[in-house]
Amino acid sequence: MPGWETRGGTVAPEPVRFAVLGPVRVWRAGAELELGRPQERALLALLLVRAGQPVAVSEIVDVLWGRRPPDSAVNVVRRHVGSLRRLLEPGLPTRATGHWLLRGGGGYRLATDGDSLDLLRFRALRDEAQRAASDGAPARAVELLTEALSLWQGPVASQIPAQARAHAAFGSLDDERLAAVKESADVALRAGVPDVALPRLREAAVNCPLDEPLLARLILALAATGRGTEALRTYEAVSARLADELGIDPGPELRDAHRTVLGDTAAPVILPGSADPAGVRAASLPVPTQLPYDLPTFTGRRAELDEVLALLSGDARPAETVMISAIGGMAGVGKTTLAVHWAHRVADRFPDGQLYVNLRGFDPSGAVMSPDEAVRGFLDTLGVPPERVPRGLDAQAALYRSMLAGRRFLVLLDNARDADHVRPLLHGTPGCLTIVTSRNQLPGLVAAHGAHSLTLRQLGTAEARELLVRRLGAERVSAEPEAVAEITALCAGLPLALACVAARAATHPHFTLSAIAAELREAHGSLDAFTRADTSADVGAVFSWTSRALSPAAARLFRLLGLHPGPDFTAPAAAALAGLAVRETRLLLTELSGVHLVNEHVPGRYAFHDLLRAHAAELAHSRHGDAERRDAVNRLFDHYLYTAHAAGLLIAPYADAMPLAPAPEGTCPQPLADDERALAWLTAEYAVLLAVVDAAATSGRDRLACLLVSSLERFFDRQGHWHHWAAAQRTALDAALRLSDPVMEAHGLRGLARVEGRLGLHDEAAAHLERALEAFTELGDDVGRATVHRSLAWESEQRGDLHGALRHDQLALDLLRAVGGRAAQASALNAVGWSHATLGEYREALRHCVEALAVLEELGDLVGQAATWDSIAYAHHHLGDHARALTGYRNALALYQDVGVPAEEAGSLVRIGDTHRATGDHEAARAAWRSALTLLTDLAHPDADRVRTRLEELGEPHDERFLSCAPPC
């Protein structure tokens, strides 16, 4: 019988898997089934949300027909049941009940469990997370709830008829999801990883804009991730919405969250010149708390700690403190640990916030963070939107100092290479403290900035013994004093080396310390790059001994990880590097973290101390040949390239990135189910991807560097990472020139021009676009020529040359009609229509845009449809047909909301308000503009001020095109 197999003389059904957390879907034997009619789909959804419980026929009838079912309703239900049974078990004998859909309890039930139904898996993960949270393991609870919420692919049973979807059975599941989002936020805040919960909090807040407990958590998460300004504006927006729609003030949870963000002492700040130098409306500064965790087992360093604490004691009040303290010393001596501990001890004296950055000045991979990258990171934390960050390091540093002026901040600059590395990050204002750590003594800071210098030496014998006591217990240490003395001597008094030895001893409590000392004595290793004349022992021996205690597979992974160029890595990336399965790699990483060779600094992301990275790299070069190392790095870089390319296509399906050849054998891209996961992956791996671009370009992998930057273009653009994009694009263009590859050179020129346009470098952009146009013309690439003309049109519009913009858009359309894909043609049609609209040729605009819309709807390009509806509405508005304008804008708004493009959503809302005002409906205009203002404020978008002006001066002239709906170039 088809679809059945015989096992031991009985007939067993094929495995079936169901999904209801989103669209209703069914897979049999791994293949997705095509579901039947809407009522059958609704019946299946109801059975699934009941999760194995009997559903009465009367309830089924109520869901399918409501209050007025036909007389034949029960018979129709039976026919639907029969159809579902045949779908799930083809070849089922006539009148047989089958395995999955069973009769009983006065109705029907679907036999499901946690392995076959996503809903039950969601509930099991949520229950396990609650147990983990109760057991004091918030980090584990975060992992479980993140996995649980990732099962949701949209509203429950999202594609069944609306009448059925309105039934209470489905609404209760939406409530379960919302509760899980709140639980995830709570444990993420406790675990110190609020950024994990933030995306789902934002999504839930859009759907539940009056849920005060949810919005309180959103505000706390925003503040905890350094977005204090956004948190405060969110509170203001929520307060206004509650007053307008419910006539009430914020409840206690919202008020408590607000007080937490303010820190009870922060006050609204008006920066010098009565205007925010970043272009953000004057508001309370954020209260970032970026310090790493204080080590619970911190010990020793009493004299050094007393010395630095004394710097803030005496008559000097914190508001008068202008101090830079430089802590130097060799690698592994505990500079960061002391600096972090000191910073936590005095953090309460700096209520406006604590900023932290690891400058990676001595990173063995060469991935040193540049001063301008660090400054931009701080500006982002302080609420400056990317488009308002000025060009040039000097201007950025001046803005940073202005943001700190008159405030009390503590700034920890970790792992600086030299004084020049940190000068742009120095505050120079009363009330602040900057702590700098470096392996160098930084005499330039002492001479030019009056820094207090402190150099750490290795721990003395007593302090080293105390460290072991804190980690192993006084009884065990006291029992073997000679072995302890030998261990501390062999570790040269370095806290990092002592921690590795203590970790091995702690994980093997039955080992004597004498045996461990003997193992350590016999070990050999080398860390020449980190030795100093005053180092009394070979520290490499400690790490070699630790790695020898690993399983062979974990030791190999440790060595190969020394080849990774980024600041941190995930299990899938490590698996690609080692050529192993991800599951096996996770176990090996657990083994490595158990002996302190790697550190899981946030859930799922691992990092090295740079001393250990150097040791791993040395071992990789001594134990693995050139070919093996090259193959490992190629697998790693291909993992990032092919995952980034797939992610780029998910977030921008019709983008014009350079295509990739089929993945080499053994390449393991990370699977990404949808655009949300793609965006999350790109965001999490952002710093790593930048490092891979640089490493590829410096290691002779120029082609990979070009392709990776091309894959990241849309992500750079949408996230506003224009400065990083410019640097990466220049690296890619240089690589293309070295390759003498005209295709990659043409793409590199066009990409560089795009980002230069975003940065306001229009002359440079125009010159590069002309070169790109020549290159694509010589290649005979008409699609490439068309994309350059689209960019030239955008540049022309920015300069006010509207006729030039139309000419370039029309040239692009003509080229694409000859050779391009339909999506590109439709996008160009909309661009031509928009250009006509800017020239007042509204009927011509409609002709082009309506033609574009038909194609985009057929292709399912939602973003393209939204942009085109917006263009159509704009033309109708100016033709005086305000009813059609509102219809078009609302269609655009719904599509932008579906795909999650809040900036464009805000633009449509603004224009909806404009149209309402044109009809005299000022109340509707205010409502639309308030909604737009909420979105723009959340985005820290500079156009928020113009919406505020609309609200404040409703009856005065305005610029109706301040948020251009022109298609992106």
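Reader: At what angle do H30 and H32 pack, and how far apart are their axes?
Author: This is a predicted model, where local features need pLDDT of at least 70, side-chain atom pairs count only at pLDDT 80 or more, and totals for chains, interfaces and linings use all residues. Residues are numbered from 1 along each chain as its sequence is written, and side-chain values use heavy atoms, with hydrogens and water left out. Helix H30 (residues 686-698) packs on helix H32 (residues 722-739) at about 25 degrees, and the axes are 10 Å apart. Axes here are lines fitted to C-alpha atoms, for helices over the stretch in contact, and angles run from 0 to 180 degrees between N-to-C directions. Helices are DSSP runs of H or I, at least four residues, numbered from the N terminus.

Reader: Parallel or antiparallel, then?
Author: H30 and H32 are roughly parallel (angles under 35 degrees; over 145 is roughly antiparallel).

Reader: Which residues make the contact?
Author: From H30, Tyr686, Leu690, Val693, Asp694 and Ala697; from H32, His724, Thr731 and Arg738. Contact means heavy atoms within 4.5 Å.

Reader: OK, now H7 and H8. What's the angle there?
Author: About 150 degrees, with the axes of H7 (residues 168-191) and H8 (residues 194-207) 8 Å apart. H7 and H8 are therefore roughly antiparallel.

Reader: Who's touching whom?
Author: H7 brings Arg177, Leu178, Val181, Ser184, Ala185, Ala188 and Leu189, while H8 brings Pro194, Ala197, Arg200, Leu201, Glu203 and Ala204.

Reader: Switching topic: which residues of H43 are buried?
Author: In H43 (residues 944-952), Ala944, Val947, Arg948 and Arg950 are buried, meaning under 20% relative accessible area with a 1.4 Å probe, protein chains only.

Reader: How are they arranged around the axis of H43?
Author: Looking down the axis, the buried residues fall within an arc of 155 degrees, so they line one face of H43. The arc is taken from the directions from the helix axis to the C-beta atoms.

Reader: And proline 509, where is that?
Author: Proline 509 sits in the loop between H21 (495-507) and H22 (513-522).

Reader: Buried or exposed?
Author: Proline 509 is exposed, at 58% relative accessibility; the cut-off is over 50%. Its C-alpha is 9.2 Å from that of arginine 476, 33 residues away in sequence.

Reader: Last one: how many helices and strands in the protein chain?
Author: The chain has 43 helices and 15 strands, a strand being a DSSP run of E, at least two residues. Of its 969 residues, 54% are buried.

Terms used: Parallel < 35°, antiparallel > 145°, perpendicular 65-115°, else oblique.
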